[in-house]
Amino acid sequence: IKLDVAVTKRQWVDVSFRFLQHRVANGGTAPDTIYKPEEAASFVATLNWIYGPQTNISFDLWDAEWATLPDAPHQPVGRDVFVKSIATQAPSGPDITVFLVGKWGGGASGHSRGTFFDDLDVAAIDDTPKRDEIPEPIDVFMLTMAHEILHYIRKERGFTGHHDRQNILLSNKIQSLRMDK
């Protein structure tokens, strides 16, 4: 048995979260996502659990706030609405902003769990992504978030796209939380 081992330089990633809501007739707001800003710290803890031991990458929570639209968006949220009306609410400063939009329907690659926009350094994530080929007991929501954030990390290192190999995080086939070169 041969085991390849490497130690990579520690990398810190500042991540911001935006939770979609819209204004309602009485002047208040209604959430479009089932998640709340108070949950962002647990997302970061899970990302650190996934990435830290495998890649020496750690995440810091930049902030977590509501992103508010004047009207209820059509669900699932499409790519054009996202880029024109939602992604514009990303803060300046963090490395990546993750938007929780309720239902996501704007994926260009044929799936609708989430999408990373490499020109904006933002990701849109579906609240309840389909399990499809994701094996039990993996949390599909956190796998989707980790997958889209990995697109950002790979972009920063000069890589894009998915792998053809199965059982890794960026596989275009069966995915897991395992990372590969």
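Guide: One definition comes ahead of the questions: two strands pair if DSSP finds at least two bridges between them. The model is a predicted one.

Visitor: How many bridges join S4 to strand S6, and in which direction do the two run, parallel or antiparallel?
Guide: S6 covers residues 122–125. S4 and S6 are joined by four bridges, and the two run parallel.

Visitor: Which residue in S4 is the bridge partner of Phe 19?
Guide: Strand S1, residues 11–23, and S4 run parallel and are joined by five bridges. In S4, the partner of Phe 19 is Leu 100.

Visitor: How many of the residues of strand S4 are buried?
Guide: In a regular strand, side chains alternate between the two faces of the sheet. On one side of S4 lie Ile 96, Val 98 and Leu 100, on the other Thr 97 and Phe 99, and all are buried. The count for S4, residues 96–100, is therefore five of five.

Visitor: Which residue in S6 stands opposite Gly 114?
Guide: Strand S5, residues 114–117, has both faces covered, with Gly 114 and Phe 116 buried on one side and Thr 115 and Phe 117 on the other. S5 and S6 run antiparallel, joined by four bridges. Opposite Gly 114 stands Ile 125.

Visitor: Which residue in the hairpin of S5 and S6 takes a positive phi?
Guide: The hairpin has four residues between its strands. The positive phi, near 55°, belongs to Asp 121.

Visitor: How are H1 and H3 oriented to each other?
Guide: The axes of helix H1 (residues 40–55) and helix H3 (residues 140–156) come within 11 Å and cross at roughly 70°. Angles of 65 to 115 degrees count as roughly perpendicular. H1 and H3 are therefore roughly perpendicular.

Visitor: Does Ala 72 count as buried, partly exposed or exposed?
Guide: Ala 72 sits in the loop between strand S3 and helix H2. Buried means under 20% relative accessible area and exposed means over 50%. At 49%, Ala 72 therefore counts as partly exposed.

Visitor: What separates the C-alpha atoms of Ala 72 and Gln 21?
Guide: Along the chain, Ala 72 and Gln 21 are 51 residues apart. Their C-alpha atoms are separated by 7.7 Å.

Key. Residues are numbered from 1 along each chain as its sequence is written. This is a predicted model: local features need pLDDT of at least 70, side-chain atom pairs count only at pLDDT 80 or more; totals for chains, interfaces and linings use all residues. Side-chain values use heavy atoms; hydrogens and water are left out. Axes are lines fitted to C-alpha atoms, for helices over the stretch in contact, and angles run from 0 to 180 degrees between N-to-C directions. Angles under 35 degrees count as roughly parallel, over 145 as roughly antiparallel, 65 to 115 as roughly perpendicular and the rest as oblique. Buried means under 20% relative accessible area, exposed over 50%, partly exposed in between (1.4 Å probe, protein chains only).
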